[in-house]
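I opened a new notebook page for this chain.

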Amino acid sequence: MNIIHRNLFAKLRIDNFSTKESLEPMSKFKMKKLMGLMKNIAEMPAGEVTMSNPVLKSRLKNIQEEERHSIDTSIETMYLLRIIASNVNATMNHGIPVRGIIQLGQYLRTRGSSVDFVKLDHWLSKLHIPRFAQLQGSILISLFGFEATELPFVKQLEKNAVLYTLRSIENVEKDTEDWNFRQGNRVFVHNNQKMLRKNLRRSLRYVDYAPIETTSNFISNFSHSLSEIEE
């Protein structure tokens with residue numbers, strides 16, 4: 001990791017987790033680059049607490065409804081699941097949401113002792129996203145100084161956690177053209193090849209972490225783009 005990235009995550013740790021560390025000296029040019037990356041992070045869209053796959057979406061809804069009326073209800077565990085699910089949704093559509101990962105870390109630091117991690121593991125398995133949760137936890141361990149003991153749902157570090165996070169930060173773009181297909185003035189349909197390739201690459205990148213949800217997300221976005229074509 002280069003000095004800009006090292007200082008970037010040092011600053012994020014200082015600002016969000018009150019760590020006692022200092023930034024390494026950098027030139028004005030590199031500091032400007034760091035500020036640009038901070039801006040990228042600030043502009044990253046947040047995810048929604050939902051699933052793209054209809055069956056998994058229904059399961060997520062049922063989990064929350066049943067937990068609210070459970071005798072041994074654990075609101076802390078349910079809220080942690082919601083953070084993880086929203087981060088999955090954001091990652092699928094925009095790339096790894098650094099602010100969402102920080103929110104996950106802050107919640108674990110403040111409410112982690114009240115979380116039922118056995119129940120959380122069960123829910124993650126029902127939604128087929130345990131590896132995606134593990135990816136998020138691996139980012140906290142690799143880049144934000146968390147201990148493995150703070151994240152019981154991380155069974156092993158995901159080797160691409162740092163690579164994918166840096167790629168998301170570097171590649172943040174304001175998608176001024178958020179369509180895949182658009183109808184022209186006549187009957188012809190125009191295809192946005194750049195956006196299609198971008199969505200496909202992202203889907204392929206994360207398919208191993210949640211095959212069902214990743215495939216459903218790509219099909220959903222593709223279908224949504226088609227549905228916007230004027231009849």
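This is a predicted model: local features need pLDDT of at least 70, side-chain atom pairs count only at pLDDT 80 or more; totals for chains, interfaces and linings use all residues.

**Entry 1: α1 and α5**

I started with α1 and helix α5, residues 98-111. Their axes are 11 Å apart, and the packing angle is about 45°. That angle makes α1 oblique to α5. I then looked up the hand of the crossing and found it right-handed.

Which residues meet here? From α1 I listed L12, N16 and F17. On the α5 side they meet V98, I102, G105, Q106 and R109. Sorted by class, this contact holds four nonpolar, three polar and one charged residues.

**Entry 2: α3 and α4**

Next I took helix α3 (residues 54-68) and helix α4 (residues 75-94). I read an angle of about 165° and axes 11 Å apart. Over 145 degrees counts as roughly antiparallel, so α3 and α4 are roughly antiparallel to each other. The crossing of α3 past α4 is left-handed.

I wrote down both sides of the contact. α3 brings L60, I63, Q64, E67 and R68. α4 brings M78, L81, R82 and A85. By class I get five nonpolar, one polar and three charged residues in this contact.

**Entry 3: α7 and α8**

At what angle do α7 and α8 pack? I found about 90°, with the axes 9 Å apart. That makes α7 roughly perpendicular to α8.

L135, S138, I139, S142 and L143 are the α7 residues in the contact. They meet A161, V162 and T165 of α8. The classes here are five nonpolar, three polar and no charged.

**Entry 4: T165**

I stayed with T165, which sits in helix α8, residues 161-170. Is T165 buried or exposed? Its relative accessible area is 1%, so T165 is buried.

I then looked up its contacts, leaving aside neighbours within four places in sequence. T165 touches F9, I96, V98, I139 and L143. Two names come back from earlier pages. V98 is one of the α5 residues that meet α1. I139 and L143 are among the α7 residues that meet α8.

**Entry 5: A210**

I moved to A210, in the loop between α9 (193-206) and α10 (211-227). Its relative accessibility is 0%, so A210 counts as buried.

What does A210 touch, not counting residues up to four places away in sequence? I listed M92, H128, I129 and F132. I also checked a C-alpha separation: A210 and A133 are 9.9 Å apart. Along the chain those two are 77 residues apart.

**Entry 6: positive phi**

I looked next at backbone torsions. Most residues other than glycine have a negative phi. Two entries go the other way.

H128 is one of the residues that A210 touches. H128 is not a glycine, yet its phi is positive, near 60°. I placed H128 in the loop between α6 (117-126) and α7 (130-144). At 38% relative accessibility, H128 counts as partly exposed.

S18 has a phi of about 55°, also positive and also without being a glycine. I placed S18 in the loop between α1 (3-17) and α2 (28-43). How accessible is S18? Its relative accessibility is 54%, so S18 counts as exposed.

**Entry 7: the whole chain**

Last, I stepped back to the totals. The chain has 10 helices and two strands. Along the sequence I read the pattern α-α-α-α-α-α-α-α-β-β-α-α.

The chain has 231 residues, and 45% of them count as buried. T165 and A210 both belong to the buried class.

I checked how far the contacts reach. Taking contacts between residues at least 6 apart in sequence, 67% join residues at least 24 apart. The accessible surface comes to about 12,800 Å². Carbon and sulfur atoms hold 53% of that surface.

Definitions and conventions: Residues are numbered from 1 along each chain as its sequence is written. Side-chain values use heavy atoms; hydrogens and water are left out. Axes are lines fitted to C-alpha atoms, for helices over the stretch in contact, and angles run from 0 to 180 degrees between N-to-C directions. Helices (H or I, at least four residues) and strands (E, at least two) are DSSP runs, numbered from the N terminus. Angles under 35 degrees count as roughly parallel, over 145 as roughly antiparallel, 65 to 115 as roughly perpendicular and the rest as oblique. A crossing is left-handed if the near helix is turned anticlockwise from the far one by less than a right angle, and right-handed if clockwise. Contact means heavy atoms within 4.5 Å. Ala, Val, Leu, Ile, Met, Phe, Trp, Tyr, Cys and Pro count as nonpolar, Asp, Glu, Lys and Arg as charged, and the others, Gly among them, as polar. Buried means under 20% relative accessible area, exposed over 50%, partly exposed in between (1.4 Å probe, protein chains only). Accessible areas come from the Shrake-Rupley method with a 1.4 Å probe; for residues, only the protein chains shown count as cover.
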